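Open the model in your viewer and keep the selection tool at hand. This tour moves from one selection to the next.

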Amino acid sequence: MKLLLRAHLRHLWQDRWQTLLAVFGVSVGVAVVLAVDLANAASREAMQVAQRQLDGVATHAIVGAGERIDERAYPRLRLRWRQGDAAFADVRAMAPVVTAETRIGLDPDSMTRPVQLLGIDPTADAGMRAAVPGPGGDGGGRLMSEPGTALLDAATARRLGIDPDADGDVQLWLQAAGRARPLRLVGTFSLGDAALGQGLLVTDIATAQEWLERVGWLSRIDLIRGDPVSQHAFGRMLERVFPGLVLRSQRGETEELEDGLRIQSLAERAADTRALAASFQLNLAALGLLALVVGLFLVHGTLGHAVLRRQRAFARLRAIGVRAGELRRMVLAEAAVIGVAGVLLGLLLGRWLASGLLALTAGTLENLYGQVAVAAFAPDPVPVIKAAGVGLFATVLAALPASARAARVTPGLFATTEAASASSRLRLLLLTGLLLLAGLGLLPAAGYLGGLVAIAALLMATALLTPVWITAVLSGMTRLLGAAPLRLRLLLREAVRGLARSGVAGAALVVAMATALGMGLMVDSFRSSVDRWLEARLAAPLHVQLSGEWTQLPGDLEAALTDTAAGHVVRVSWSDRIAGEPVRVSHIRRQGSVPADLGLALLAGRFADDGLAVSEPLARRLGLAPGSVLRLPVADGVRELTVTGVFREYGAGPGLILVPEATGIPVLSGQLAVEVHGPRGDTEAVAAELVRAAPEGTRVRRNDELLDLARGVFERTFEVTGVLKSIAGAVAAFGLFAALTALGLERRAQYGILRTLGVDRALPAWLNLGEASLLAISAVLLALPLGVLVAIILIEVVNVRAFGWSLDWSFPPWLFLQALGIGLLAGWAAAVAPALAVWRADPAVLLAEARIHA
Amino acid sequence: MPAPLLEVTGVARAFLQGERRIRVLEDISCSLAAGQRLTITGRSGSGKSTLLNLLAGLDRPDAGHIRWHIDDRDWDPATLDEAARTGFRRRHLGFVFQFFNLVPTLTALENVALMAELNGFDDAMERARSRLNRLGLADRMDAFPGTLSGGEQQRVAIARALVHEPAVVLADEPTGNLDRESGDAVFAELLAVLAAERRALVLVTHDPELAAGGDHHLALGTAR
Ligand SMILES: Nc1ncnc2c1ncn2[C@@H]1O[C@H](COP(=O)(O)OP(=O)(O)OP(=O)(O)O)[C@@H](O)[C@H]1O
Ligand SMILES: [Mg+2]
């Protein structure tokens, strides 16, 4: 038994190219799964840490329309709580908060360090945020007694060059509400895991209101409710195991209070930020699984081939008394060795890959969502155990068919090698059919995950069929070229014969190319849809961000808009929430003659004065269509309005609701932004006029810049997918290289004979290159339609279900040519080394090998 | 005495095996005329295959000369470049190996036709067919080597060695892998064709009976 095992394991060494290929396949799969999980978990962790810094142990918050609360509501609500009002039955603490993102620096010219400004009531806040000192401790008391003072987290202080332990106050400058404001730093506090997340500047609530020009307004009121959320435990576990794959698994309840105020679970708020980031992480997680599938396929193919090649040896072993079960176990042991080696290598590779991915994700997330992402991984064993477990389990699973085949070998001393029998081909077809059925069956169900599973099934099925397909193509060519020169016939037949080895690599190439093409088509459709959407919007919009709180537009600005912006559309926007969804509500005012549809890319209905238009993702999430009724929070409660149209929108932010002026809904007071849409040409003039008329602290920006920024963000997002795509391509090319090298070694003896007979040295080299070309071309022929299918599912199913937007098709011919070119290049790149090796080889040496190998 | 087809004078060849230098061939001389047969015998490891490699231009001697005289031209493989040596083998030599060594993905007919095609004969298929016919393989022409018996494969190999009408056939233990009876039959057929077409044969063999019938005989010792 021990010797038997040794014989088997020695085979791994003798066939080391194939073994290496399998190990590499497993390790790349494991590495990508691990890297994606680590990167996703890390960026998610960053968001949660940032959230926890702000929320502390608060479980819920009271929020109001327009994301703010009149400060007079706070004593009233506190009184209700103290008097035992049922709505606050299980509330244990209540603390008002004013917060905004700001920047600080040592002098007014260098206010560049981003910090979250948090205005608190130190007395009410005691115990709410563990890190923040209470009124008794380290400078906490001075916040209340001395206006213009603040506390900063120690890590940020150090980054500014301030010694947190030094005594005495430090003068700092804060950029808030469009102005530079002096502040006195009276102390620091430690955030613990401060390396994660963003800086935190804590001050008294009144000071914060003054700095932010929000006197009289709160951002929200934090609550601690009795029973910490223990439900959703299953959802949280799922998120840990599949970071990025579970979108919005947690939803909190919203309870309405008086005057448009409502209690919201913070889990729900966190879920919103997660949902945004998840749309991006989903891409990564899906690609991680795909890489694993490709890796598994390599294992499956390699072991299958190894068993096939040793059929005769197995038959002899059976004849001399080795049991079928023993052979089966031996093959599984081989798989386990490959699996363990692959997993170990993969974990190392994964850590390394994760840092690269994280840098890219961090950049993207920062751009997309203004989130500060992390530079370090949380020491969490879950992703590592998961990747290792998945890798090992999958390797053994992929080896099952081969081990079963080994056990089926009939004993005999003179067994001849059998080609793939008709029954095994039938089984292959059956398996493929089942995979396809299962995948397509899942397509309509299970949300966007169903779409991804369908893609995976489609890819697997095609991978299984690839060798059959390539054989068919090559046989077809052989038949077509019936009377071709013998050298050509030799090429075709050797290529078919080599498929036992190269078929797996061909399949990997098909999967990689189809994925690349599918993603490429999706990205291109996305890009051109976004471009068209941007074009369709009214040209040259200006973006005016007012500083502070406004109940209506300032009179001068109003006048300037009426004068200079005639023939424009003026949009006044504020943030809000509807049914838990963050939304941006825009009050639309037309001035003079503007297009009836406002240049919106309308998908359904129209833009009309008697109702609302909503963006496509929001419409999908809330199940809205023309004719539906939407409950819109307004200054004095809630109004019911009819939806008249759904328009296209690719912003990654909240859903968009357009409210025509004619509906009579007034602008909700609060933090307002104004956008001016109109014909090109006079933007500069309008901008100059608006700057003159607007109150101090107003920022006027050309929207083009914002749009360029948005486009830049898209490009970066796709850069990450591009990286993973290249990895899949590299695996396939390496697979092809290993297969062609192994074939080259196997054929050395034969080349030796041919060279001796007088075949010149170029022929074997050309045979190698020709074989690689044939493989690549057959693979491309299969990958092109498959890639289109993948793109269809990505566009029509995954994007619609995960992100709520539809895309216009774009099939640029250059993408197909590119796929063809890349396939051929990969094939040639893989063939060059083996071809050169036979070209250089001495015929006498090759002949000697022929004598040995005969 | 016919004009010499092959003249070997004072050929020596040694190999480095690790630190040791093994002198396999030392001061070998012999000659052969057109249509004649040279048999080479010797113990395993005595350098028989090494000598064949030298004759075929697959290897160069350390000392001495090998001169072929074919088609009124002198050929010294050691002085030719790689392409010319390949061309020489292709045009003027035929090979029969111990393990037949047919191309597994070409049919019997195609294996034979390959040599004719390499030599640029337009009627490659025709020539191959008639060769195989003469060797009694008319009904096995479209079979792949894997389905032929050892004797059949060796007859295909003989057809391959002759189809381009070389001046000489080099055979390295052509019957070594066949049973006595088929070995004798195949060898007899080879001799018959060679005699009819006046082609020379250089034969390496362990079989004393086959070795006995040659015009020249070279017994290699184990020089060290
Ligand atoms: N390229 C080489 N490098 C090193 N040693 C070599 C080389 N070629 C042959 N030899 C050595 O030269 C000796 C003769 O080898 P050769 O193959 O000529 O013997 P042989 O007479 O044909 O034997 P057999 O009857 O077993 O075929 C052997 O010891 C062999 O190891
Ligand atoms: Mg020999």
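This is a predicted model: local features need pLDDT of at least 70, side-chain atom pairs count only at pLDDT 80 or more; totals for chains, interfaces and linings use all residues.

Residues are numbered from 1 along each chain as its sequence is written, chains are lettered from A and ligands numbered from 1 in the order in which they are written, and side-chain values use heavy atoms, with hydrogens and water left out.

**Stop 1: ligand 1**

Colour by element next, using DSSP runs: helices (H or I) have at least four residues and strands (E) at least two, numbered from the N terminus.

Now zoom in on the ligand's oxygen atoms. One is 2.4 Å from an N or O atom in the side chain of Ser44(B). For Gly45(B), an oxygen of ligand 1 is 2.9 Å from a polar backbone atom. For Ser46(B), the corresponding distance to a polar backbone atom is 3.2 Å. Taken alone, ligand 1 exposes 640 Å² (Shrake-Rupley method, 1.4 Å probe). The protein buries 64% of that.

**Stop 2: where chain B meets chain A**

Select the contact (heavy atoms within 4.5 Å). Chain B gives 26 residues and chain A gives 25 residues. The buried area is about 2,500 Å² (accessible area, 1.4 Å probe, lost on putting the two parts together, summed over both). Carbon and sulfur atoms give 62% of it. In chain B, pick Leu58(B), Thr105(B) and Glu117(B): they lose the most area to chain A, together 22% of what that side buries.

How many salt bridges does the rule find across this interface? There are five, each a side-chain nitrogen of Lys or Arg within 4 Å of a carboxyl oxygen of Asp or Glu. Show Glu82(B) and Arg755(A), a bridge whose closest N and O atoms are 2.6 Å apart. On the side of chain B that touches chain A, α1, α2 (82-92) and α3 (108-118) of chain B give two or more residues. The largest share, six residues, comes from α3(B). By class, this side has 13 nonpolar, six polar and seven charged residues.

**Stop 3: inside chain A**

Over all chains the salt bridge count comes to 35. Select Glu213(A) and Arg179(A), bridged with their closest N and O atoms 3.1 Å apart. This pair links distant parts of the chain, 34 residues apart. Glu213(A) sits in the loop between α7 (205-211) and β9 (217-218), and Arg179(A) in strand β7 (residues 179-189).

Technical notes. A polar contact is a pair of N or O atoms within 3.5 Å; within protein, one must be able to donate a hydrogen and the other to accept it, and residues adjacent in sequence count only if both atoms are side-chain atoms. Ala, Val, Leu, Ile, Met, Phe, Trp, Tyr, Cys and Pro count as nonpolar, Asp, Glu, Lys and Arg as charged, and the others, Gly among them, as polar.
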